[in-house]
Amino acid sequence: LKEVMAIAEALVSAGVSMLQIHHDEPREMMEIKRNFPHVEVEGLIHPTASLNVDHCREVVDEIVDHGADIVDLSLCFSKPQRPLYQRIAGRDVSPEEALELTLKSVAYIASTKATAAILLPDPMRMELDELKHIITHLIDAGAEILRLDDVVGMGIYPAYKYLFTELTTTFPNARFAFHVHNDIGMGAASL
């Protein structure tokens with residue numbers, strides 16, 4: 001906790017106004033909120049909760065009680081990540097069923113005092129129309145922040161620009177964020 005607080009203090013003093021904490025770290029959330037009440041705390045919930053609405057509600061309630069201003073639910077909708085969903089659920093989960101369960105979790109987050117944020121990993125390996133379909137439903141369910149995560153670093157700058165131009169044109173009132181990994185050495189080339 002001491003190291004996390006030292007990092008948080010350095011980031012806040014540098015002007016960072018939002019810090020993301022994993023939902024399994026409630027003490028970190030509480031201490032950051034207590035020491036930096038003006039900083040938004042984003043609680044990240046892993047995909048395991050999005051397929052289990054009751055479990056998601058428990059986790060959401062817990063992290064909101066611990067000070068999360070933003071609840072970020074991580075999802076997995078790309079075909080390459082479907083095996084992860086199947087392993088999490090312990091059974092085959094169709095994309096339609098995964099979306100239906102996820103929308104219930106998003107609606108619950110939106111019903112709390114926290115801002116509903118969605119982390120959509122792997123958008124670069126999804127069909128654009130499929131991604132737009134999912135985003136439409138997420139917004140309708142109450143998602144306010146949509147963070148796309150290129151978790152394997154598959155994109156390059158022109159592809160990112162095209163993707164976000166399409167999305168911001170289609171969803172002009174949506175709040176988008178972006179996160180890039182460098183798993184295959186493309187991260188520097190993508191920026």
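Which residues of α8 are buried? Keep that in mind while you open the model, and we will get there at the second stop.

**Before you start**

This is a predicted model, in which local features need pLDDT of at least 70 and side-chain atom pairs count only at pLDDT 80 or more, while totals for chains, interfaces and linings use all residues. Residues are numbered from 1 along each chain as its sequence is written, and side-chain values use heavy atoms, with hydrogens and water left out. Helices (H or I, at least four residues) and strands (E, at least two) are DSSP runs, numbered from the N terminus.

**Stop 1: helix α1**

Select residues 2-13. The expected span is 1.5 Å times one less than the number of residues.

Now color Met 5, Ala 8 and Val 12, the buried residues of α1. Buried means under 20% relative accessible area, exposed means over 50%, and partly exposed is in between (1.4 Å probe, protein chains only). Looking down the axis of α1, you will find the buried residues within an arc of 60°, so they line one face of the helix. The arc is that of the directions from the helix axis to the C-beta atoms. These buried residues pack against β1 (18-22) and α2, where contact means heavy atoms within 4.5 Å. Turn to the other side of α1 for the exposed Lys 2, Glu 3 and Ser 13. Just after α1, pick Gly 15, with its positive phi of about 105°.

**Stop 2: helix α8**

Move on to residues 157-170 and the opening question. The buried residues here include Tyr 160, Leu 163, Phe 164 and Leu 167. Viewed down the axis of α8, the buried residues fall within an arc of 90°, so one face of the helix is lined by them. Pro 158 and Thr 169 are exposed on the other side of α8. A distance check between the end C-alpha atoms gives 20 Å, in agreement with the 20 Å that 14 residues should span at 1.5 Å a residue.

**Stop 3: helix α4**

Next, select residues 53-65. From first C-alpha to last, the 13 residues of α4 reach 18 Å, close to the 18 Å expected at 1.5 Å a residue. Show Val 53, Cys 56, Val 59, Val 60, Ile 63 and Val 64, which are buried in α4. They cover an arc of only 125° around the axis, which puts them on the same side of α4. To see what covers these buried residues, display elements including α2, β2, α3 (47-50), β3 (70-74) and α6.

**Stop 4: where α6 meets α7**

Select 95-110 (α6) together with 128-141 (α7): the two helices pack at an angle of about 35°, with their axes 8 Å apart. Axes are lines fitted to C-alpha atoms, for helices over the stretch in contact, and angles run from 0 to 180 degrees between N-to-C directions. The crossing of α6 and α7 is right-handed; a crossing is right-handed if the near helix is turned clockwise from the far one by less than a right angle, and left-handed if anticlockwise. On the α6 side, the contact is made by Leu 99, Thr 102, Leu 103, Val 106, Ala 107 and Ala 110, and α7 brings His 133, Ile 134, His 137, Leu 138 and Ala 141.

**Stop 5: Val 39**

Center on Val 39, in the loop between α2 (26-35) and β2 (40-45). Is this residue buried or exposed? Val 39 is buried, with a relative accessible area of 1%. Beyond its neighbours within four places in sequence, the contacts of Val 39 are Val 12, Val 16, Ser 17, Met 18, Leu 19, Lys 33 and Asp 69.

**Stop 6**

Finish with Asp 149 in strand β5 (residues 145-150). At 4% relative accessibility, Asp 149 counts as buried. Leaving out residues up to four places away in sequence, Asp 149 touches Leu 119, Leu 120, Pro 121, Asp 122, Pro 123 and His 179.

Click next on Asp 122, in the loop between β4 (115-121) and α7. Asp 122 is buried, at a relative accessible area of 0%, and has a positive phi near 70° in a residue other than glycine.
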